[in-house]
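Biologist: Pick one part of this model and take me through it slowly, please. I'd like the surroundings first, then the close-up.

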Amino acid sequence: MAKAAKNAISPTREADYPEWYQQVVKAADLAEVSPVRGCMVIKPWGYAIWEHIQQVLDRMFKETGHQNAYFPLFIPLSYLEKEAEHVEGFAKECAVVTHHRLEPDGEGGLRPTGKLEEPLIVRPTSETIIGAMYAKWVQSYRDLPILINQWANVVRWELRTRLFLRTAEFLWQEGHTAHATSEEAVEETRKMLDVYATFAQDFMAMPVVKGEKTAGERFPGAVDTYCIESMMQDRKALQAGTSHFLGQNFAKAQEIKFLSAEGKEEFAWTTSWGVSTRLIGALIMTHSDDDGLVLPPRLAPSQIVILPIYRNDEEKATVMEYCESLKKELQAQQYSEERIRVAIDARDLRGGEKAWQHVKKGVPIRLEIGPRDVAGGAVFMARRDGSPTEKTGIPRAEFVSKAASILAEIQDNLFQRALKFRNENTRPIDSLAEFEKYFTPKNANEPEIHGGFAMCHWADDLAMHEVLARLKVTIRCIPHDGQIAGGDAEAGTCIFSGKPSTRRGLFAKAY
RNA sequence: CGGGGCGUAGCUCAGCCUGGUAGAGCGCUACGUUCGGGACGUAGAGGCCGCAAGUUCAAAUCUUGUCGCCCCGACCA
């Protein structure tokens with residue numbers, strides 16, 4: 001008597017992708033909306049994932065010669081005004097502080113008083129305040145390069161928000177570097193893009209396309225913006241990280257000047273690069289299924305969870321003892337150059353419900369341990385990259401010795417699965433008609449899942465912008481060589497305007 | 001800032017049209033039976049029905065005002 005397949009998450013991805021996403025976040029207890037409009041509360045399980053992301057990236061930044069520092073949350077309005085393109089890019093989404101005191105309003109409430117002479121804005125990004133400091137720190141070519149990263153929160157007053165993907169306040173890191181030459185700054189920009197790509201692929205198990213943004217998609221004030229783009233399971237693109245070559249634009253606006261070895265006064269060349277808590281959104285939408293979150297082992301706060309099963313105190317004593325010693329043995333094993341992270345969930349809950357909670361939270365390996373396993377010296381294992389019903393009995397010693405390789409296998413499996421999905425939904429398109437067909441939903445009422453990545457020849461022309469605006473498609477990037485099928489340099493003709501083209505761009509609907 | 005919708009238990013919502021003592025499911029607490037695929041039963045706790053004014057013998061329900069939130073658009077890591 002086969003029961004109908006029952007999923008932990010309702011609706012399924014196929015039925016309603018945006019709602020599925022919300023439900024996964026909720027079921028995994030990652031975060032929830034806060035009383036403050038557009039801002040989220042990141043709960044312990046979600047924050048633990050962020051801490052692992054931070055820990056790995058921080059190590060990678062330091063290995064590439066960067067140091068951490070911290071700059072103020074507030075930026076004088078006049079600083080932002082210095083770089084024209086920059087202010088235009090962020091002006092519409094700034095939180096502004098105009099007062100510094102509260103006084104009773106006589107009706108039991110409070111009202112702001114103490115008007116500031118110059119308003120302060122809450123940083124939407126820190127180029128300007130950091131540049132102002134760099135201007136003081138840099139006198140000579142001997143003071144360069146400056147290679148600094150900051151872990152911080154920033155505020156962009158977004159009108160339409162979604163947990164992790166776009167919130168009014170978010171956590172991120174922003175690297176800011178200053179160099180003596182253009183070449184060195186470009187090299188830095190590219191190096192950090194590589195760091196992001198490596199992190200995404202090796203740790204998040206998320207395939208990415210490295211590339212360059214077109215003029216219209218660049219960071220405000222940047223000369224070049226490089227990015228990594230990834231495909232979510234609704235086949236939309238998500239920009240997962242950016243690295244900007246700022247040229248001398250910010251240095252000139254903020255007078256970051258130095259005397260060269262030749263004794264000439266020159267402006268520095270600067271870069272900035274960042275990834276945010278949006279990566280958690282990317283993680284969710286890359287791997288999770290209709291039973292909830294699926295975490296790549298390298299970023300999972302718990303890689304293995306042990307679920308003791310017992311009926312009475314007597315069983316409890318022997319089962320718990322077995323679990324505790326199993327935990328110790330597993331923790332002595334290494335995976336990804338660290339001790340394996342193991343948790344025992346001994347909460348007084350029903351076994352089935354408890355197991356499902358860990359499925360929904362995406363723990364890579366679940367071990368159900370009951371009297372039978374204790375008697376037989378075994379473990380009963382379920383992998384999150386398989387179906388929740390698929391469980392295998394394994395001798396305890398064998399599992400302990402294989403645990404690290406099973407985790408590695410899950411990590412690799414998730415990456416290969418995501419890569420396969422992306423490749424299956426990426427194709428070259430050489431005619432406008434085909435392009436329009438590809439990006440027009442088959443069911444207009446449920447337009448969420450359709451299309452994918454389209455690799456097309458293009459020219460930055462009005463004809464293209466008209467089509468893209470109408471179909472709500474954007475050019476995500478101009479892929480670097482060797483990133484994705486059809487992304488390498490080749491001669492062709494723009495499908496929008498018929499103008500000649502030297503390589504294809506990556507087109508997709510995007511977050 | 002335009003267009004639509006909603007404020008009732010911790011959560012999701014019904015009740016409003018047609019005014020008459022505040023409801024359901026989930027969650028929570030206790031006890032019992034259960035327990036290796038999300039249990040069931042019994043009992044219980046929990047509400048200025050967003051706020052203010054008005055109409056009325058009587059307002060969650062009708063009227064007006066107000067505040068807040070959500071969705072769609074423009075903007076976006």
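Modeller: Around RNA strand B there are 34 residues, with Ala8, Gly352, Gly370, Phe380 and Thr389 the closest; a residue is near the strand if its C-beta atom, placed from the backbone, lies within 6 Å of it. By type, that surface has 15 charged, ten polar and nine nonpolar residues (nonpolar is Ala, Val, Leu, Ile, Met, Phe, Trp, Tyr, Cys and Pro; charged is Asp, Glu, Lys and Arg; polar is the others, Gly among them). α10 gives the largest share, five residues. This is a predicted model, so to speak: local features need pLDDT of at least 70 and side-chain atom pairs 80 or more, while totals for chains, interfaces and linings use all residues. Residues count from 1 along each chain as its sequence is written, and chains are lettered from A and ligands numbered from 1 in the order written.

Gly46, Ile49, Trp50, Ile53, Leu57 and Phe61 are the buried residues of α2 (buried is 20 or more other C-beta atoms within 10 Å of its own, exposed 12 or fewer, partly exposed in between, with C-beta atoms placed from the backbone). They sit on the same side of α2, because their arc around the axis is only 105°, taken from the directions from the helix axis to the C-beta atoms. An α-helix has 3.6 residues a turn, so residues three or four places apart point the same way. On the other side, Pro44, Gln55, Arg59, Lys62 and Glu63 are exposed. Just after α2, Gly65 takes a positive phi of about 90°.

Note on methods
Helices (H or I, at least four residues) and strands (E, at least two) are DSSP runs, numbered from the N terminus.
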